[in-house]
Amino acid sequence: MSDAQPPPFGAGPPPGYGPPGYGPPGYGANQPPFAKPDSGLGLAIASTLLCCVPVGIAAIVFASQVDSKWASGDFNGAQESAKKAKTFTYVGAGLGFVVLIAYVILTIAVAGTSTTTYR
């Protein structure tokens, strides 16, 4: 028989070795159940520059929060920010499209009512 006692808490292989959650609290136990969401920062910037600036700025703000929230362990917050960034990007693009269509319609309407004749 052996009189060996179990090792004290924290003794053992360094974090990253062994099954998930092995070792001191916080090492491996805080793994997300899903992959990091896409921030959509590029589309948010394009939406800001090409479509609707105020809504695009909101999209950029939320898109820039994704990486920092993910790095701090706020996985659900990162997903929520990515979802809001995508929503604001699409809303900004939609508003830009509506303004473009209205501009084309008004331009055609004004051009059709012109009374100036050229000879």
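I105 counts as exposed, with a relative accessibility of 53%; exposed stands for over 50% relative accessible area, buried for under 20% and partly exposed for values in between, with a 1.4 Å probe and protein chains only. The structure is a predicted model, in which local features need pLDDT of at least 70 and side-chain atom pairs count only at pLDDT 80 or more, while totals for chains, interfaces and linings use all residues. Residues are numbered from 1 along each chain as its sequence is written, and side-chain values use heavy atoms, with hydrogens and water left out.

I105 belongs to helix α3, which covers residues 75-112. Helices are DSSP runs of H or I with at least four residues, and strands are runs of E with at least two, numbered from the N terminus. Together with F97, L100, I101, Y103, V104 and I108, I105 forms a nonpolar surface patch with about 730 Å² of accessible area. Patches consist of residues with over 30% relative accessible area and no salt bridge, nonpolar side chains (Val, Leu, Ile, Met, Phe, Trp, Tyr) being joined within 5 Å and like charges within 9 Å. Accessible areas were computed by the Shrake-Rupley method with a 1.4 Å probe, and for residues only the protein chains shown count as cover.

T89 also lies in helix α3, but T89 is buried, at 7% relative accessibility. A polar atom of the T89 side chain is 2.8 Å from the backbone oxygen of A85. Apart from neighbours within four places in sequence, T89 contacts L43, A44, S47 and A59, where contact means heavy atoms within 4.5 Å.

One salt bridge was found in the whole structure, a salt bridge being a side-chain nitrogen of Lys or Arg within 4 Å of a carboxyl oxygen of Asp or Glu. The bridge joins D67 and K36, whose closest N and O atoms are 2.6 Å apart. D67 is in helix α2 (residues 53-72) and K36 in the segment before α1 (41-50), so the pair ties together parts that are 31 residues apart in sequence. Both partners are partly exposed: D67 has a relative accessibility of 41% and K36 one of 44%.

The search of the whole structure gave zero disulfides, defined as pairs of cysteine sulfur atoms within 2.5 Å. C51 is in no disulfide, and the nearest cysteine sulfur, that of C52, is 8.0 Å away. C51 is partly exposed, with a relative accessible area of 34%, whereas C52 counts as buried at 16% relative accessibility.

How values were computed:
Polar contact = N/O pair within 3.5 Å; in protein donor to acceptor, adjacent residues only side chain to side chain.
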